[in-house]
Amino acid sequence: MTRVLVVEDDPQLVRALVINLQVRQYGVDAAPDGTTALRLAAARQPDAVVLDLGLPDMDGVDVIRALRGWTRVPILVLSARRASGEKVAALDAGADDYITKPFSMDELLARLRAAVRRTETPALAPGADVVTTAEFTVDLVAKKARRAGRDVRLTPTEWHLLEILVSNPGRLVPQRRLLEEVWGASRSTKTNYLRVYMAQLRRKLEADPSHPRHFITEPGMGYRFEAGD
């Protein structure tokens, strides 16, 4: 059973989320504040977190940062905050998706399914479990990336995108394929998602993100990973 932690202080919304999740065979824990959320996350080890940013005891972005200190669990932000700066702050802190209120329950559930699906382990080709470049290494079995001798913290979305690209070295991976595999078929035209996350990967892994040598854009077509010399 997939377990979801709902972090929300509105009792009516919590009730609606719990009912809709349970009827679809999800296990659900609910927390009305950030302190309870962090305690439950450690105790229950959820498969996904649905998080409101406006909590009574701390900002939801701080909850994201605290979770990212020890877990890669998918985090879906559910918030009334619509400013782009708020969204960027949540995504930079480690959130995987951002849904503004009011929202469609069907859309939330679809995004939740996609987020959980992204954490599933794909089949690996023999001998292709470690990818090495001059700047970084990617261990597809351990699900770790290292740069300059240190682990690089990646969100589940960033990891899934990286995984697809490095598993296809030298090959053009079309935008549509990346969008469908990482975000689901309903997001197959949202190329802005790719631009944002590719920029994040380059910032974390490339020596010079503004002049990438490993994550190459093929304008209007897709992206290609080059291991380099």
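The model is predicted, so local features need pLDDT of at least 70 and side-chain atom pairs count only at pLDDT 80 or more, whereas totals for chains, interfaces and linings use all residues. Residues are numbered from 1 along each chain as its sequence is written, and side-chain values use heavy atoms, with hydrogens and water left out.

Helix α1 covers residues 11-23, and its axis comes within 12 Å of that of α5, the two crossing at roughly 60°. Helices here are DSSP runs of H or I with at least four residues, strands are runs of E with at least two, and both are numbered from the N terminus. Axes are lines fitted to C-alpha atoms, for helices over the stretch in contact, and angles run from 0 to 180 degrees between N-to-C directions. The pair α1 and α5 is therefore oblique; angles under 35 degrees count as roughly parallel, over 145 as roughly antiparallel, 65 to 115 as roughly perpendicular and the rest as oblique. On the α1 side A16, L17, N20 and L21 meet M105, L108, L109 and L112 of α5, where contact means heavy atoms within 4.5 Å. By class, this contact has seven nonpolar residues, one polar and no charged. Ala, Val, Leu, Ile, Met, Phe, Trp, Tyr, Cys and Pro count as nonpolar, Asp, Glu, Lys and Arg as charged, and the others, Gly among them, as polar.

Helices α2 (residues 34-44) and α3 (residues 60-68) pack at about 20°, with axes 10 Å apart. These two helices are therefore roughly parallel to each other. Their contact is made by G34, L38 and A41 from α2 and by V63, A66 and L67 from α3. Five of the residues in the contact of α2 with α3 are nonpolar, one is polar and none is charged.

What lines the largest pocket? The lining has 18 residues, and K87, L91, Y98, N192 and Y193 lie nearest the centre of the pocket. Two or more lining residues come from each of α4 (84-93), β5 (97-100), α5 (105-118) and α8 (191-205). By class, the lining divides into eight nonpolar, four polar and six charged residues.

L91 belongs to helix α4. Leaving aside neighbours within four places in sequence, L91 is in contact with D96, D97 and Y197. The C-alpha atoms of L91 and T155 are separated by 9.1 Å, with the two residues 64 apart along the chain.

Technical notes: 1 Å grid on protein atoms, 1.4 Å probe; cavity = no way out; pocket = protein on both sides within 12 Å on 5 of 7 lines; lining within 4 Å.
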